Amino acid sequence: MSQSPEHQSSQSADADATATATASDPRPTRRDVHDLFSGGRLTVIPRKVARREQLLAHLTETLFAVDREYTEPEVNDALRTVHEDCSALRRYLITSGRLTRTPDGRTYRRAATTR
């Protein structure tokens, strides 16, 4: 079945637009972490590690200042602003290396680098 010249031209223009968009942004297409939130609240903690790492990076950057110490209650309060399960989020932040804590567990800091 043959396509009309107008339809072929339209498909060609669509392909050109897609190629241009891809060339202008060489990064692979990834979902934004903002789709995990509704009304400023986290709707789900992702199970997939890569997706959860995206979320943890976002939380670290938006909730915790560089070069500041936090107590556990302060960390919990910050995390509760986005999700009630602050202990799970805190644990993920520690195990991912995004937050560090002193051996006695009294103070937390945003890590300079992550694992």
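Start by selecting Glu69, which is partly exposed, with a relative accessible area of 46%. The model on screen is a predicted one.

Now include Asp67: together with Glu69 and Arg109 it belongs to a network of salt bridges.

Show the strands themselves. Strand 3 (residues 69-71) pairs with strand 5 (residues 107-110) in the antiparallel sense, over 3 bridges. Look for Thr71, which stands opposite Thr107. Then select strand 4 (residues 99-101), which runs antiparallel to strand 5 and is joined to it by 3 bridges. Here Leu99 stands opposite Arg110. Strands 4 and 5 form a hairpin with 5 residues between them, and Gly105 in the turn has a positive phi of about 75 degrees.

Move to helix 2, residues 49-63, which reaches 20 Å from its first C-alpha to its last. Its buried residues, among them Leu55, Leu56 and Leu59, pack against strand 1, strand 2, helix 4 and strand 5.

For a last stop, select Arg41 and Glu84. Their side chains meet in a salt bridge at 3.3 Å, N to O. Arg41 lies in strand 2 and Glu84 in the loop between helix 3 and helix 4, 43 residues apart. Which of the two is exposed? Glu84 is exposed, at 56%, whereas Arg41 is partly exposed, at 29%.

Methods: Residues are numbered from 1 along each chain as its sequence is written. This is a predicted model: local features need pLDDT of at least 70, side-chain atom pairs count only at pLDDT 80 or more; totals for chains, interfaces and linings use all residues. Side-chain values use heavy atoms; hydrogens and water are left out. Two strands pair if DSSP finds at least two bridges between them. Helices (H or I, at least four residues) and strands (E, at least two) are DSSP runs, numbered from the N terminus. The expected span of a helix is 1.5 Å times one less than its number of residues. Buried means under 20% relative accessible area, exposed over 50%, partly exposed in between (1.4 Å probe, protein chains only). Contact means heavy atoms within 4.5 Å. A salt bridge is a side-chain nitrogen of Lys or Arg within 4 Å of a carboxyl oxygen of Asp or Glu.
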